[in-house]
Amino acid sequence: MVEQQSATPNYTMGYSEDFQQLLNLRSAETHARHLLPHLKSGLRVLDFGCGPGHISVGLARAVEPGGFHGVDMEASQIDMARAAAEAGGHFNATFHVGNATSLPFEDGYFDVAHCHTVLTHIPDTQAALDEVKRVLKPGGIMASRELIVDSCFLVPGVGEIQPAWDVFAGLLAANGGHPQMGRELKSAFLDAGFTDVETTASFDSFGSPQAIGFLHRFISDWFFAPDIVAAVTGYGIATQQQFDEWRDALDKWKNEAGAFGGLAFGECIGYKP
Ligand SMILES: C[S@@+](CC[C@H](N)C(=O)[O-])C[C@H]1O[C@@H](n2cnc3c(N)ncnc32)[C@H](O)[C@@H]1O
C-alpha cells in the first residue's frame, strides 16, 4: 500500500509539553467568538486541526445534541481531545486521526467547518479549503482564525525583540507555512469560492503580571528549545549568538514596568454557495 504524504509534512509547533501550555489557554468562548453566534443546537460541526480539543469541546457544547467531529493528523492530540470531551460529558463529539486535505466524510456532511491556527501551517491552502468546501452543505459556514506574525509584539524593547518575530515567521515559511495567514484569509476564502466573506482581527493579550510571566515562560521554553534553535540555525535564518541576545532581551522585557505582549490573529467566515 502506498502511504499518503502528510499535507503538513513539517509542522513547526510540534507536540511538546512546552507548546501545549499555549493551547491549554484556549476555549471556544475566547478563541471562536466570531463563530459562536452562528452555532445552534442540532447543527453538525467539523473542527479540523483540532489539537487537544480545548476549543472543540465548546463547539460541541454549542450544537448539542448535533454531531461534532474533530480531526487532527496527530494521534496523541486526538487522544487528548477525546479525553477532554469525555471529561466534559460531550457525548455528541467524535474524534478522528486524519488529514485536512483528505477528510473521511461524504460530500455535504457538515453545516459548519472550523479551524484555529491550522491554515497557518498547511502548505497548500487551496487544497485544504477545497476539501472543506466539499464536505460542507450548500449554505454551510467555513470559519477560521489564524496568526498574523508581523503584527505580534512585545513592548517595550521592540527594537531588540522584533527580529525574533521575523525569525519565527521565517521558520514557519521555511516549513511550508503561512506566517501572515490571518490577514490573507479573506482572499483565500474568496479564491476558494466562499461567498459573503466577513473578516475581522483581534489579539490574544498579555498585560497582567501573571500573563506576562506566562508568555515569558512559554517563549523561553518553546522558542529557545534545542530543536527549534537547531531548525532555525539549520535553515540559516539566525545564529546561536542571536538566540542568546534575544533571550537576554526577553528576560529584560519581563521585568519592565510597561511590559505588554500581543499575539495577532485574523478571523474569517464564509459560506458555501
Ligand atoms: C497550532 S495547533 C492548533 C490546535 C487547535 N486548533 C487550537 O487552536 O487549540 C495546529 C494543529 O493542526 C494540526 N494539523 C496541521 N496540519 C494538519 C493537517 N494537514 N491535517 C490535520 N491536522 C493538521 C496539528 O497536528 C496541530 O494539532
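Trainee: Why are H6 and H10 called oblique to each other?

Mentor: Helix H6 (residues 158-174) and helix H10 (residues 240-254) pack at about 125 degrees, with their axes 9 Å apart. Angles under 35 degrees count as roughly parallel, over 145 as roughly antiparallel, 65 to 115 as roughly perpendicular and the rest as oblique. The angle of about 125 degrees falls into that remainder, so H6 and H10 are oblique. Bear in mind that this is a predicted model, where local features need pLDDT of at least 70 and side-chain atom pairs count only at pLDDT 80 or more, while totals for chains, interfaces and linings use all residues. Residues are numbered from 1 along each chain as its sequence is written.

Trainee: Which residues meet where H6 packs on H10?

Mentor: From H6 you get Glu160, Ile161 and Ala164, and they meet Trp246, Ala249, Leu250 and Trp253 of H10. Contact here says that the C-beta atoms, placed from the backbone, lie within 7 Å. By class, that contact has 6 nonpolar, no polar and 1 charged residues. For the classes, Ala, Val, Leu, Ile, Met, Phe, Trp, Tyr, Cys and Pro count as nonpolar, Asp, Glu, Lys and Arg as charged, and the others, Gly among them, as polar.

Trainee: And what makes H3 oblique to H4?

Mentor: Helix H3 (residues 56-63) and helix H4 (residues 75-87) have their axes 10 Å apart, at an angle of about 45 degrees. That angle makes H3 oblique to H4. In the contact, Ser56, Val57 and Ala60 of H3 meet Ala81, Ala84 and Ala85 of H4. The class count there is 5 nonpolar, 1 polar and no charged residues.

Trainee: How do you know that H3 is mostly covered?

Mentor: Of its 8 residues, 7 are buried. Buried takes 20 or more other C-beta atoms within 10 Å of a residue's own, exposed takes 12 or fewer, and partly exposed is in between, with C-beta atoms placed from the backbone. The buried residues of H3 are Ser56, Val57, Gly58, Leu59, Ala60, Ala62 and Val63. Their cover includes H2, S1, S2, H4, strand S3 (93-97) and strand S4 (110-116).

Trainee: Why does His69 count as buried, and His34 as partly exposed?

Mentor: Just hold the neighbour counts against those cut-offs. His69 has 25 other C-beta atoms within 10 Å, so it is buried. His34 has 19 C-beta neighbours inside 10 Å, so it counts as partly exposed. His69 is in strand S2 (residues 68-72), whereas His34 belongs to the loop between helix H2 (28-31) and strand S1 (45-48).

Trainee: What does each histidine touch, leaving aside neighbours within four places in sequence?

Mentor: His34 is in contact with Ala143, Arg145, Thr200, Glu267 and Ile269. His69 touches Leu46, Thr94 and His96.

Trainee: What makes Thr117 and Asp196 stand out in phi?

Mentor: Most residues other than glycine have a negative phi. Thr117 has a positive phi near 50 degrees, and Asp196 has a positive phi of about 50 degrees. Thr117, in the loop between S4 and helix H5 (125-135), is buried because 22 other C-beta atoms lie within 10 Å. Asp196, in strand S7 (residues 195-206), has 10 C-beta neighbours inside 10 Å and therefore counts as exposed.

Trainee: Where are the cis peptide bonds?

Mentor: One joins Glu64 and Pro65, with omega about 5 degrees. Another joins Val155 and Pro156, with omega about -10 degrees. Pro65 is in the loop between H3 and S2, and Pro156 in the loop between strand S6 (153-155) and H6.

Notes. Axes fitted to C-alpha atoms, helices over the stretch in contact; angles between N-to-C directions. Helix = DSSP H or I, 4+ residues; strand = E, 2+ residues; numbered from the N terminus. Contact = placed C-beta atoms within 7 Å.
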